[in-house]
Amino acid sequence: MSVIYSDYSRARIGWFFGLSGWQLAVVALSAMPVFWSIQAGAWISAALFLLLWVTITAVTVTPVRGRSTFGWVAASLSFATGGLAGWTRFRSKATRGQVDSLDDADLPGALGGVQIHDGPPQGASFSRVAIIQNHRTRTWAVTAAVVHPGIGLREIDERQRQGRGLSELLDMASQTELIDEILLLVRTVPEDGAERDQWLARHRRPGSSRGVRQVNDELQQTLTRASVRTESFVTVVIPEGRLGKQAKESGGGLEGRARVIYGVLGEIEAQLRGGMGMTSVKWLTSPELALASRTGFAPGDRAGIIDALGAREHDPAVNADVPWAMAGPSGADPAARHYSHDAWNSVSSTIKLPVKGAAMGALLPVLTPTEPGERRSFMVAYPILSQSAAGRQSATSEWAADIGEELRAKAKVKQNAKARDEAEKVRRLDTKLARGNSLTRPYAVCTVTVPKTARVSEFGRRLDASVRRAGFAPLRLDLAQDLGFAASTVPLGVSLTRKAD
């Protein structure tokens, strides 16, 4: 048996036969010319206005691949304008010889407003945690590299316990009144064999047999092509509007904000290790975060960096760090259905939760590469609503469900099972909020990255097939591939939750 989670509902429920307020207003206003023409006896005009009303209603009510027609028109115009003006094209300052400081991040698109600060020393090792400030979204974030043993061989009780651990983590984050989003990011990276090469160099004897050497070399070549590594990150995002108030009491400035953030990180780490069963939680420093960012854009660069780290153990003069001025791609160009960065192409899709519920651990096919050299990454975002906002949304959704039922009853329209289930879930939501639970709007983005020598459209189709095999429905993030890639691959606190100021 598996653990199934299905107690979720839509963020908004239409109260007038499934229509939202703005949709009802557009449909009603567009119908007014029809009645005016009928009142005036202009039947030809009434027929033309009726045809126009049907067209407007279909455009307003019918969604096309997750967006309304108006949304597609606005997104297409914005994408075309940015492409023609050259705003979406990125070329790093290093390629143009314009680098002023190696500590200044030079990243494309949604990551352009990111600035990395070194926090005050903490712990027995006096490590300086990297604090991520995003000037565009006015947020602060901290990222940790985590290790989880997985749930593939876990019993049902253990899976339920870890599921409750995630729920407790979100409740605790809501109670801090600081954190408004937690991002979980996993990358399955093709194995490059860099650590294995160093191990062989250290342990291989000069007088060993040639046959033994050949067997080891062939095993390494075969296993490296068929192996992947898993990298997991947890990012905690705090908005400036909440952090600034408490930072004043701690001295203000960067140090005051760092003190407040450090206090929250202790609570988050305890819950990650305890309730969720993480075996390792390490808050990344600035060089470690720069390495994670660089390998996010260029997975093939990791082998050279690992070799440099190994050489630094014997020669301290070797510089193995990745400067932030070079942590991004040398060039990036977003296309309508994929994202091009350096020598790689990426395709991003979001997933829609099934009505029948999602099994814990069902996302494994999404993270499983289909060919050597292919990288899969997956990000699950948990935007946490404040208690006041959660209460207002619960009351509004319950009112909309009640009004919808009354209108259907007055019109003698039978309510289907799907509408009844959604109404029941909305009514149970108020009870959960009253008991102290938090309200979140989770969503997920998955990305496949392949070299430019491969057909990216084929790997995008395979990613969608993996999502369907996992029991979900994929939705390609057309015209927003750069943002989808940044959110699901680079652990810098960027998500689809908020817009830039």
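This is a predicted model: local features need pLDDT of at least 70, side-chain atom pairs count only at pLDDT 80 or more; totals for chains, interfaces and linings use all residues.
Leaving aside residues up to four places away in sequence, Asp171 touches Gly436, Asn437 and Ser438. Asp171 itself lies in helix 5, which covers residues 156–175. Its relative accessibility is 13%, and because buried means under 20%, Asp171 counts as buried.

From this single residue, the next step is to the nonpolar interior. In soluble globular proteins, nonpolar side chains tend to be buried together. Here the largest nonpolar core has 51 residues, and Ile182, Ile268 and Trp283 have the most contacts inside it. Helix 9, residues 253–274, supplies the largest share of this core, with 8 residues.

Not counting residues up to four places away in sequence, the residues it touches include Val129, Val142, Val234, Val236, Leu265 and Ile268. Also among the contacts of Trp283 are Thr143, Glu269 and Glu288.

Helix 9 also meets another helix. Its axis and that of helix 8, residues 240–249, come within 9 Å and cross at roughly 105°. Angles of 65 to 115 degrees count as roughly perpendicular, and helix 8 and helix 9 are therefore roughly perpendicular to each other. On the helix 8 side, the contact is made by Glu240, Leu243, Gly244, Gln246 and Ala247. Facing them from helix 9 are Gly256, Arg257, Val260 and Ile261. By type, the residues of this contact comprise 4 nonpolar, 3 polar and 2 charged.

Methods:
Residues are numbered from 1 along each chain as its sequence is written. Side-chain values use heavy atoms; hydrogens and water are left out. Helices (H or I, at least four residues) and strands (E, at least two) are DSSP runs, numbered from the N terminus. Buried means under 20% relative accessible area, exposed over 50%, partly exposed in between (1.4 Å probe, protein chains only). Contact means heavy atoms within 4.5 Å. A nonpolar core is a set of buried Ala, Val, Leu, Ile, Met, Phe, Trp, Tyr and Cys residues joined through side-chain atoms within 4.5 Å. Axes are lines fitted to C-alpha atoms, for helices over the stretch in contact, and angles run from 0 to 180 degrees between N-to-C directions. Angles under 35 degrees count as roughly parallel, over 145 as roughly antiparallel, 65 to 115 as roughly perpendicular and the rest as oblique. Ala, Val, Leu, Ile, Met, Phe, Trp, Tyr, Cys and Pro count as nonpolar, Asp, Glu, Lys and Arg as charged, and the others, Gly among them, as polar.
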